[in-house]
Each structure stands twice: as C-alpha cells, then as structure tokens.
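Try each one yourself before reading its solution.

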Amino acid sequence: MKSKEEPELPSLFKMIRNFSKEMVKYIKEGTPNVTMKEYANRLDICQKCPSYIKSSARCGECGCLLEHKAKWQTAECPLEKWPKVKESTPKELNDRKREG
C-alpha cells in the first residue's frame with residue numbers, strides 16, 4: 001500500500017518513454033551489467049532518495065523498476081546520484097555476465 005509520503009509515479013507515457021530509452025541503450029551496448037558491489041551501492045542510494053517509492057521499489061522521477069535498472073551499466077539516475085561507471089572492456093563485460 002502506498003504511503004502518503006511517497007512521490008507519485010510519472011505518467012504511463014513518460015514511464016514507457018524512459019524505460020524504452022534505457023532499454024535501447026542497454027541492448028545497443030551489449031547488455032552490460034554493473035558489478036554486484038556497484039548494484040548494491042546504486043540500490044542503497046535509491047533507497048535513501050526522497051524520490052524512492054518503497055511500496056513498489058520504483059523511482060518517482062522516471063518510474064523505472066530499480067531492481068532492473070540499477071543492474072544496467074548503461075543506465076543513469078535521473079537525478080545524477082549514481083557514480084559514473086567507466087566503459088568496460090570485452091573481458092570485463094564477460095566477467096560481469098558470469099558474476100551476475
């Protein structure tokens with residue numbers, strides 16, 4: 001159940017647009033994921049953010065499901081709170097795919 005303190009989700013159109021943009025970038029780059037440590041750090045940042053919607057584990061800014069978006073190396077926080085992830089070499093990408 002949604003708490004009164006939680007932000008509202010963006011419109012369905014905006015959520016679809018935001019998700020599609022992130023998904024295209026993720027697929028175009030070969031579906032690279034962050035490390036488990038980077039993933040945990042991103043989720044920690046999100047959970048402390050006033051835009052975090054705890055009841056659905058979504059971002060109140062973009063509407064994305066953070067369980068998925070936070071894994072994608074190509075994804076960015078709409079409030080620019082996540083640290084930048086350097087471009088990965090092909091070996092690093094393979095290591096990350098095996099890791100998680």
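**Exercise 1.** Does Phe19 count as buried, partly exposed or exposed, and at what relative accessibility?

*Solution.* This is a predicted model, where local features need pLDDT of at least 70, side-chain atom pairs count only at pLDDT 80 or more, and totals for chains, interfaces and linings use all residues. Residues are numbered from 1 along each chain as its sequence is written, and side-chain values use heavy atoms, leaving out hydrogens and water. Buried means under 20% relative accessible area, exposed over 50%, and partly exposed in between (1.4 Å probe, protein chains only). Phe19 has 38% relative accessibility, so Phe19 is partly exposed.

**Exercise 2.** Classify the aromatic pairs of the structure.

*Solution.* Rings of Phe, Tyr and Trp (its six-membered ring) pair if their centres lie within 6.5 Å; planes under 30 degrees apart are stacked, over 60 edge-to-face, and the rest tilted. There are two aromatic pairs. Phe19 and Trp72 give a tilted one, with 5.9 Å centre to centre and 45° between the planes. Phe19 lies in helix H1 (residues 12-28) and Trp72 in the loop between helix H3 (66-69) and helix H4 (90-99), so this pair ties together parts 53 residues apart in sequence; such helices are DSSP runs (H or I, at least four residues), numbered from the N terminus. Tyr26 and Trp72 are stacked, at 4.5 Å centre to centre and 15° between the planes. Tyr26, also in helix H1, is 46 residues from Trp72. Finally, ring pairs join Phe19, Tyr26 and Trp72 into a cluster.

Methods. Helix = DSSP H or I, 4+ residues; strand = E, 2+ residues; numbered from the N terminus.
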